[in-house]
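This briefing concerns the structure shown below.

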Amino acid sequence: MEKINILGLGPGNKEYILPITKKYIKKSDILIGGRRNIESLGTLAEGKEMRYIDRYLDELTLYIKENRDKKISLIVSGDSGFYSMVPFMKKHFEIKDLNIISGISSMQYMFSTIGYSYEDTFIASVHGRECDYLTPIKEGKKIGLLTDNKTTPQVLARNLLENQIKGTIFVGERLSYDDERITRMSLEDMTDLKIIFEINVVVVIPS
Ligand SMILES: C[S@@+](CC[C@H](N)C(=O)[O-])C[C@H]1O[C@@H](n2cnc3c(N)ncnc32)[C@H](O)[C@@H]1O
């Protein structure tokens with residue numbers, strides 16, 4: 001039986017897809033992933049059977065189990081090991097049956113783009129979940145967060161200010177694409193900003 005590849009695609013631009021990932025994509029019979037990720041593959045995905053991920057993940061695992069004789073690649077955004085589908089896949093398949101290939105995370109990409117390193121940073125996600133980012137920033141650490149349309153950069157800035165934290169906030173939208181936008185400002189200025197940010201990563205540097 002073939003191993004199931006889980007491939008980290010990088011932040012989005014094809015130039016950030018690792019050569020090993022391209023190799024596995026080319027060898028695949030079936031590509032599974034979010035519509036945006038699969039469509040971004042362009043000619044790399046030509047001739048492959050494609051399956052988009054929707055809400056019905058039980059159907060997805062059944063489909064994979066029924067097609068184990070084929071070469072299957074599950075395409076995930078950024079790094080496969082960072083807020084990705086690896087924990088879900090490990091619940092349904094044995095680790096020996098998975099071939100997990102990392103990619104460049106949107107968080108890694110964001111830090112190099114704004115010119116900071118991330119070894120002393122609290123990194124987490126508020127995408128559909130809560131996390132305590134106040135404690136680490138109060139201790140003087142930078143924070144890097146994956147966001148969603150509920151916990152926006154404005155919501156984060158207000159919460160930080162209400163907790164007496166001052167600093168600079170960076171918002172990275174559409175990272176690595178031609179229309180990438182990086183916004184940099186004080187936490188105070190962010191609270192009143194009348195912009196609806198697209199899918200983004202936030203970094204806050206305390207002052
Ligand atoms: C389910 S998480 C997946 C993270 C991914 N595994 C990674 O390493 O980047 C989705 C979140 O990643 C961030 N993200 C992924 N790609 C992005 C991009 N090109 N530009 C901005 N944010 C991105 C957003 O915060 C989004 O809500």
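Helices (H or I, at least four residues) and strands (E, at least two) are DSSP runs, numbered from the N terminus. The model is predicted: local features need pLDDT of at least 70, side-chain atom pairs count only at pLDDT 80 or more, and totals for chains, interfaces and linings use all residues. Residues are numbered from 1 along each chain as its sequence is written.

**Domains**

- The chain is divided into domain 1 (4-104) and domain 2 (107-206), with bounds that come from an automatic or database domain assignment.
- The C-alpha centres of domain 1 and domain 2 lie 28 Å apart.
- Seven residues of domain 1 are in contact with nine residues of domain 2, contact being defined by C-beta atoms, placed from the backbone, that lie within 7 Å.
- On the side of domain 1 that touches domain 2, five residues are nonpolar, two are polar and none is charged. In this classification Ala, Val, Leu, Ile, Met, Phe, Trp, Tyr, Cys and Pro count as nonpolar, Asp, Glu, Lys and Arg as charged, and the others, Gly among them, as polar.

**Ligand shell**

- The ligand is surrounded by 24 residues, of which Gly78, Ser105, Ser106, Leu146 and Leu175 are the closest; a residue is near a molecule if its C-beta atom, placed from the backbone, lies within 6 Å of it.
- By class, the shell around the ligand comprises nine nonpolar, 11 polar and four charged residues.
- At least two residues of the shell come from each of helix H5 (106-114), strand E8 (167-173) and strand E10 (200-206).
- The ligand shell receives residues from both domain 1 (4-104) and domain 2 (107-206), so it lies between them.

**The five-stranded sheet**

- Five strands form an open sheet in the order E3-E2-E4-E1-E5, with parallel pairing; two strands pair if DSSP finds at least two bridges between them.
- Strand E3 (49-52) and strand E5 (98-101) are at the edges and have a single partner strand each, so one side of each is left without a neighbour in the sheet.
- From one strand to the next, the twist averages 20 degrees. Axes are lines fitted to C-alpha atoms, for helices over the stretch in contact, and angles run from 0 to 180 degrees between N-to-C directions.
- Strand E2 (residues 30-33) pairs with E3 in the parallel sense over four bridges, and glycine 33 has tyrosine 52 in E3 as its bridge partner.
- Helix H1 (residues 19-27) packs on the sheet, where it touches strand E1 (4-8), E2, strand E4 (72-76) and E5, and its direction makes about 140 degrees with that of E1.
- E2 also pairs with E4 in the parallel sense over four bridges; here isoleucine 30 has isoleucine 72 in E4 as its bridge partner.

**Helix H5**

- The buried residues of H5 are Ser106, Met107, Gln108, Tyr109, Met110 and Phe111. A residue is buried if 20 or more other C-beta atoms lie within 10 Å of its own, exposed if 12 or fewer, and partly exposed in between, with C-beta atoms placed from the backbone.
- The cover over these buried residues includes strand E6 (121-125), strand E7 (142-146), E8 and E10.
- Glycine 115 follows H5 and has a positive phi, near 80 degrees.

**Individual positions**

- Aspartate 54 is located in the loop between E3 and helix H3 (57-66), and counts as exposed because it has 10 C-beta neighbours inside 10 Å.
- Lysine 138, in helix H6 (residues 134-138), is partly exposed, with 13 other C-beta atoms within 10 Å.
- Lysine 138 and proline 206 are 68 residues apart along the chain, and their C-alpha atoms are separated by 8.4 Å.

Definitions and conventions
Contact = placed C-beta atoms within 7 Å.
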